[in-house]
Structures are given as structure tokens and as C-alpha cells.
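Dear colleague,

I am passing on the structure below, together with some notes on what came out of the analysis.

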Amino acid sequence: MTTAADSAIEIDRLSVQYGDFTAVDRLELTIRRGELFGLLGPNGAGKSTTIRVLIGQRTPTAGAVRVLGRDVVREWSAIKPLFGYVPDRENHFEEFSGRRNLEFFADLYHVPRLRVRECLKMVELDEAGNLPVRNYSLGMRRKLLLARALLHEPQVLYLDEPTANLDIHSAEVVHRILRRRVADGCTVVLTTHDMDEVEKICDRVGIVCRGKLVALDSPLNLKTAHTERKADVTLRNGEQHAFDLDDESQRGMLAEVVRTGRAATIKTREFDFHATFLKLTGQSFE
């Protein structure tokens, strides 16, 4: 059981409405200190609205949210310096260099200029630091957003699709940075549509649909619980069969097919997040 002292973020029956539309519906969720948490769901599920509440862009219609023990509405001025945020849309100063962009925000946070150099190096933009951002690729712009969020070494990080537009190497760099931050005690909350990314780096996953939490577990437990334990076999004569691995008699039949060499191909059914989401929510994952 997670105690208040262990909690970084406590969402207590949070509701957010836009007119007659309920974007978040009495959401209850606790995110632990030093946890890398994935918040997943289809478009319109409520995850972005939840993040907007956490970063102070949206006031709750009902319920309460506490970050590091402080209420996001009543104690916002105390919370604001404690988090960093990577939005899904960039908002750089195009005419400034990458370095000047970071220096601007470093001054706002009263962070030494040396930290700017450290953050540029961390995201592998040190050699491009003096180039204007208008000349940056989409991936470079994305990494600059992360560098900016890390400037003041926040205790909480919110990231909206942090590896969008990144190549494999750059995505690994971001993953390494996030895991290092978590190891140092930072709490990281990210939204993503990439289940492979979730499996690689997240400690736990929350799935939301229609503003409600419909699943909460580790990626491994989620995968285990919703993976179909079946093997699809194509025989050498072209026939296709599916064997239920939870059924002892069918496991025996599969073993006999393998023993006699009649199998041309055998493929187990891997975790399919789209199918799982449909199963849990009745909605497809987009």
C-alpha cells in the first residue's frame, strides 16, 4: 500500500468538464515517488487533460490533486518550481540558438549558465548549441524541449510523447536520461502511444478511457494478463491450426505435431495492445 510519504502525485476523484463534455471522470490514481509512470489511452481518453491539471493549465471541476503533498490549486506557487514539462508541441524561440533558448529559461529558474552546457551535452546537442533553432530537425527540437525541462533538476517530470520524431539512437538517449533521473529520485510521468517504449522503461502503466482509469499495473503484469496463450501452426500441407496453451490436451496435440515434424511454422500470439485496449474499454487505440 502506498502511503502519503511515498506518493509523488495523488489524484483524488478528479473531474474536468468542458461544457457538457466530461474529459476526466472521477479519476483516482496515485503515482509513487521515484517512479517512471506511463499514462496511456486513445485520443480523447482524458490523459492530456489530466496532465494539464498537473501543470496548472486547467482547473479541476471537482476533486483534488496533490503533487509532493501540495494541492495544485491552493499551493500552485510552491508546486511550479518543482516540475519540468515536455509538451507535445514545441514552443521554442526560432530565431535564438539552442543555447540561447536554454539560457533564457535558465535565467527564469535562476540556474547557473554551466547547467545549460550540461543539459545540451546530456541530449547530445552540444555541437549544435550555437545554431538557430529554425535550422534544427524535428528530433533536435524534441531533445531541446527535454533539455529545457531538465535545467532546474525538477523533482517531477511530465512528458507528452517524449520520443516522437526521434531516431532509435536518440530515443535510447532519452530513455537513459529518464531512467537516470528516476534512479536519482525524480518521478516521471509520460504519455505515449508506443507500447514498446512503455515495456522498456516504465515501472507501471495506467490506461485511461473516457476519463476513467480502466487498468493499472506493471507492463509485464499487464502483458501477462492480456496475452493470448495460443500458438498458430501452419502444417507442411498448408493446413492452419490454433492450439490453446492453457488446455492440457491441446498442448499434447501441439507436442505431437512438433514431434512428428509436421509443423512448417509455429508462432505464439504476442501481446497486442490494440486488442487489449479494445477488450478493456470497447474502444480502439489510436
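Cys202 is buried, its relative accessible area being 8%, and the model in which this holds is a predicted one. Cys209 likewise counts as buried, with a relative accessibility of 4%, the cut-off for that term being under 20%.

As for bonding between cysteines, a disulfide is a covalent bond that joins the sulfur atoms of two cysteines. With a pair of sulfur atoms required to lie within 2.5 Å, the count comes to 0 disulfides. Cys202 is accordingly in no disulfide, and the nearest cysteine sulfur to its own, which belongs to Cys186, is 13 Å away. For Cys209, the closest cysteine sulfur is that of Cys202, and the 19 Å between them is too far for a bond.

Turning to the strands, there is an open sheet of 6 strands, in which the order runs β6-β7-β8-β3-β9-β10 and the pairing is mixed. The edges are taken by β6 (83-86) and β10 (212-217), and because each has a single partner strand, one side of each is left without a neighbour in the sheet. Between neighbouring strands of this sheet the turn is 15° on average, with direction ignored.

Within the sheet, strand β3, covering residues 36-40, pairs with strand β8, covering residues 187-191, in the parallel sense and over 4 bridges. Where in this pairing does Leu39 find its bridge partner in β8? The partner of Leu39 there is Thr191.

Key: Residues numbered from 1 in each chain as written. Predicted model: local features only at pLDDT ≥ 70, side-chain atom pairs only at ≥ 80, totals over all residues. Heavy atoms only, no water. Pairing = 2+ DSSP bridges. Helix = DSSP H or I, 4+ residues; strand = E, 2+ residues; numbered from the N terminus. Axes fitted to C-alpha atoms, helices over the stretch in contact; angles between N-to-C directions. Buried < 20%, exposed > 50% of the residue type's maximum accessible area, 1.4 Å probe, protein only.
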